[in-house]
Amino acid sequence: MNSRIILRLATVAALATGSAIVSAQGQLLPSYPKLGFGASVTPAYDGWYDNADGTHTFLIGYYSRNWNEEIDIPIGANNKFEPGDPDRGQPTHFRPNRNWGMYTVTVPKNFPANEHLWWTLTVNGVTSRVGMILSPDFNITPQKSSEEAPNGKYNLPPVLRLSQGGPAIQSPVATLASAISKTATVGEAMPLELFVDDDALYTSGTNAPMGRVPAIVTATVSKYRGPGNVKAEDFKFTTLKGGKPMEDWSGKANGKVTFDKAGDYVLHVLINDFSGPGGGATGCCWTDAMIKVNVKSQGAPRTTGQQ
């Protein structure tokens, strides 16, 4: 069976059989139609992979059935992990629709294969509980495509740098622990540069050439945690090298982010390549990262020593 179909089926199974949903409105299935607002949000188990040190990493996203509404759910009874620490770095801000592999949770090498790590969300009267488990059905390789490109090579995720010459970030590996720190001021645009390299490889199932060539990479910068509203603008790339399919590409985006309230925020940076959201349901190839931002009120003293 095609790997795209396998992962789609696995994800559907994780959303459906892995969750227990209770609702006064009768929303019992993840396939329940989306609404403009007032609908549920379901955790999504997007797979797991092994690490070189023997540990294992769960890749986790979510599906919000709210067509327009963005929702905040603080860590607590309505947004928690169990057993153990209820805060595993999950989002507290939920964007509309399906959001693939937003963050990762790493478990020890001796984590039992039959044990679940549960993420529970309660939104608009609906409780959804999905368990992450080291089942072979959900084993993925987000660091490398499972299908060959027309030139016989395998697509790799884009390489992201959050400053020129900065550390390279590749694959969906976002965690709060690895987030860089920045400062900003309420109402003042915070500049944010993204430097990205990509192999511009693609797979079509038939190795046929592209009929329409989309942007080689796209960037989405969004609020992940924080007390106020976030506005991200101008994250379109200028090509520095390449520009054609299967030709090494480099680009730069000079974006800006504005916050309307003081406090501590986390931004999520997502870079998709030709594979599209969720790698086209193959488990590869996208890259993401997190940025912690301490936002001061206007006129407040700024903290030095941060990026």
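How many bridges join S14 to S18, and do they run parallel or antiparallel? Seven bridges join the two, and S14 and S18 run antiparallel. Keep in mind that this is a predicted model, where local features need pLDDT of at least 70, side-chain atom pairs count only at pLDDT 80 or more, and totals for chains, interfaces and linings use all residues. Residues are numbered from 1 along each chain as its sequence is written, and side-chain values use heavy atoms, with hydrogens and water left out. Here's the rundown, by topic.

**The sheet with S14 and S18**

- Strands here are DSSP runs of E with at least two residues, numbered from the N terminus, and two of them pair if DSSP finds at least two bridges between them.
- Four strands make up an open sheet in the order S12-S19-S18-S14, and the pairing is mixed.
- At the edges sit S12 (180-185) and S14, each of which pairs on one side only.
- On average, neighbouring strands of this sheet are turned by 30° against each other, direction ignored; the axes behind such angles are lines fitted to C-alpha atoms, and angles run from 0 to 180 degrees between N-to-C directions.
- Lys223 has Leu267 in S18 as its bridge partner.
- S12 and S19 (residues 286-296) run parallel and are joined by six bridges.
- Thr183 has its bridge partner in S19, namely Asn294.
- S14 is largely enclosed by the rest of the structure, because six of its eight residues are buried (buried is under 20% relative accessible area, exposed is over 50%, and partly exposed is in between, with a 1.4 Å probe and protein chains only).

**The sheet with S2, S3 and S7**

- Another open sheet has three strands in the order S2-S3-S7, with antiparallel pairing.
- Its edge strands are S2 (41-50) and S7, and each pairs on one side only.
- Neighbouring strands in this one are turned by 25° against each other on average, again ignoring direction.
- Eight bridges tie S2 to S3 (residues 56-64), and the two run antiparallel.
- Opposite Tyr49 you'll find Thr57 in S3.

**The largest pocket**

- Rolling a probe the size of a water molecule over the atoms shows where empty space is left.
- The largest pocket holds about 220 Å³ of space.
- A pocket here is an open set of points on a 1 Å grid over the protein atoms alone, where a 1.4 Å probe fits, with protein on both sides within 12 Å along at least five of seven lines; lining residues have an atom within 4 Å of a point.
- The volume is the space filled by probe spheres set on the points, which are joined across faces, edges and corners.
- The pocket is lined by 17 residues, and the closest to its centre are Thr220, Leu270, Asn272, Pro277 and Gly278.
- Strands S7 (97-107), S14 (218-225) and S18 (263-272) are the elements that give two or more residues to this lining.
- S7 contributes the largest share, four residues.
- By class, the lining has eight nonpolar, six polar and three charged residues (Ala, Val, Leu, Ile, Met, Phe, Trp, Tyr, Cys and Pro count as nonpolar, Asp, Glu, Lys and Arg as charged, and the others, Gly among them, as polar).

**The Cys284-Cys285 disulfide**

- The whole structure has one disulfide, counted as a pair of cysteine sulfur atoms within 2.5 Å.
- Cys284 and Cys285 are the two partners, with S to S at 1.8 Å.
- The torsion about their S-S bond is about 90°, so the disulfide of Cys284 and Cys285 is right-handed.
- Both Cys284 and Cys285 are buried.
- The peptide bond from Cys284 to Cys285 is cis, with omega near 25°.
- Cys285 lies in the loop between S18 and S19.

- Most residues other than glycine have a negative phi, and most peptide bonds are trans.
- From Glu82 to Pro83 the peptide bond is cis, with omega near 0°.
- Pro83 belongs to the loop between S5 (79-82) and S6 (93-94).
- Ser171, not a glycine, has a positive phi of about 85°, and Ser171 sits in the loop between S11 (169-170) and S12.
- Ser171 counts as buried because its relative accessibility is 5%.
- Met246 is not a glycine either, and its phi is positive, near 65°.
- The loop that holds Met246 runs between S16 (238-241) and S17 (249-259).
- With 35% relative accessibility, Met246 counts as partly exposed.
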